[in-house]
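Here is a short tour of one protein, written for someone who likes to think in atoms and charges. Take a look at the structure first, and then we can walk through it together.

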Amino acid sequence: MRIPCPLCGNRDLREFTYLGHETYLDRPAPGDAEALDSYLHLRDNPAGETGELWYHGLGCGAWLHVQRNTVTHEIGAVTLASEKVAP
């Protein structure tokens, strides 16, 4: 699998580290223990199109938001995680 890094171009998967689902960007407010527990332990495991976070550790060091199909591993849009706008 190759991931098109917005800063480095099309790169091999071995240069990246998977962090998890894009919901990791939506950290709950401090002091809400129930929301923090849900944030840390309750996750969907979608089959198909989903948004993920990847770190380009052996490249530019950027955090990426990757749209990927978890069934076919087809990569869709890739943007810098810092540019992701909250819904």
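In what order do the elements of the protein run from the N terminus on? In this predicted model, the order is β-β-β-α-β-β-β, which comes to one helix and six strands.

Now for the overall dimensions. The C-alpha trace spans about 40 × 25 × 25 Å along its principal axes. The protein has 87 residues, and 26% of them count as buried. Its accessible surface comes to about 5,800 Å², with 53% belonging to carbon and sulfur atoms. Among contacts between residues at least 6 apart in sequence, 45% join residues at least 24 apart.

On to the charges: there are 7 positive and 12 negative ones, and their mean positions lie 9 Å apart.

| Salt bridge | N to O distance |
|---|---|
| Arg-11 with Glu-15 | 3.1 Å |
| Asp-12 with Arg-14 | 2.8 Å |
| Arg-68 with Glu-52 | 2.7 Å |

Arg-14 counts as exposed, with 70% relative accessibility.

The bridge between Arg-68 and Glu-52 joins two strands: Arg-68 lies in β5 (residues 63-69) and Glu-52 in β4 (residues 49-55), so the pair ties together parts that are 16 residues apart in sequence. Both Arg-68 and Glu-52 are buried.

How values were computed: Residues numbered from 1 in each chain as written. Predicted model: local features only at pLDDT ≥ 70, side-chain atom pairs only at ≥ 80, totals over all residues. Heavy atoms only, no water. Helix = DSSP H or I, 4+ residues; strand = E, 2+ residues; numbered from the N terminus. Buried < 20%, exposed > 50% of the residue type's maximum accessible area, 1.4 Å probe, protein only. Contact = heavy atoms within 4.5 Å. Areas by Shrake-Rupley, 256 points an atom, 1.4 Å probe, with all protein chains shown as cover. Lys, Arg positive; Asp, Glu negative; His and termini not counted. Charge placed at Lys NZ, Arg CZ, Asp CG, Glu CD. Salt bridge = Lys/Arg side-chain N within 4 Å of Asp/Glu carboxyl O.
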